[in-house]
Amino acid sequence: MTSIKDDYLNYLSKFGPQEKRSMFGGTGVFINSAMFAIVTPTSMYIRGGDELDDKLTAAGCEKFRHIKKSKTATVNYYEIKNLFLIDQELCNQFVEESISFSCRDKHFKASESNRRLRDLPNMRLTLERMVKKAGVKDVDTFFNVGAVNVFRRVCEHNGQELDHKLLWIFAGAIHGGHWQLLSDDHKQQLLDEYHQQTV
């Protein structure tokens, strides 16, 4: 007997070869390394983008909210569980549009001329400047060095240990998602790794 989550994953699998990773309290679903869906034990969500946001909103699809303790993170993924049940043809169309947008966006951000640190998830211009001052000049170096070592370099450059939230922001940027959606275990693992290096 399959679970509801298995049913959703089986449905999405018909759209092409996929990779799956445990993340955001559920399973991230990728095509050509571009994440386009989140599947939880009770629902499924697809990534919005451009005109698709308006279409999903008009169809009554609500944004994914990840509630952790007192914080709620809202990301650009929309719940399609009800659409899947009542209008599979429209649901199929939205999933295909989501995959198309996600792959295009991934390709755009992967092209050398457009790879900027500030364009990564969670990052912004002030963080890009902070990271560059610490010797991490571009996206390739950022990915190769890894979240823990980027955080360590930034702390060393500033002469003090900074808020651990920054470590999780860097990890989210590398994993392609909002930092608040990292699991507590993952965050603790990053912190442990950082402390092992600084002993």
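1. A charge sits over a ring if NZ of Lys or CZ of Arg is within 6 Å of the ring centre and within 35 degrees of the ring normal. Lys187 does this with Trp168, its charged end lying 4.8 Å from the centre of the ring. Likewise, the charged end of Arg21 sits over the ring of Phe30, 4.1 Å from the ring centre.

2. A word on the source: this is a predicted model, where local features need pLDDT of at least 70 and side-chain atom pairs count only at pLDDT 80 or more, while totals for chains, interfaces and linings use all residues. Residues are numbered from 1 along each chain as its sequence is written, and side-chain values use heavy atoms, leaving out hydrogens and water.

3. Now to the ring pairs: you can look for seven aromatic pairs here (rings of Phe, Tyr and Trp, the last by its six-membered ring, with centres within 6.5 Å; planes under 30 degrees apart are stacked, over 60 edge-to-face, the rest tilted). One of them joins Tyr11 and Phe15 edge-to-face, with 5.4 Å between centres and 85° between planes.

4. Tyr11 is buried at 5% relative accessibility, and Phe15 is buried too, at 17% (buried means under 20% relative accessible area, exposed over 50%, partly exposed in between, with a 1.4 Å probe and protein chains only). Ring pairs also tie Tyr8, Tyr11, Phe15 and Phe84 into a cluster.

5. Phe151 and Tyr194 make an edge-to-face pair, because their ring centres are 5.0 Å apart and their planes meet at 70°. This pair links distant parts of the chain, 43 residues apart: Phe151 belongs to helix α7 (residues 147–158) and Tyr194 to helix α9 (residues 184–198). Helices are DSSP runs of H or I, at least four residues, and strands are runs of E, at least two, numbered from the N terminus. Phe151 is buried at 0% relative accessibility, and Tyr194 is buried at 4%.
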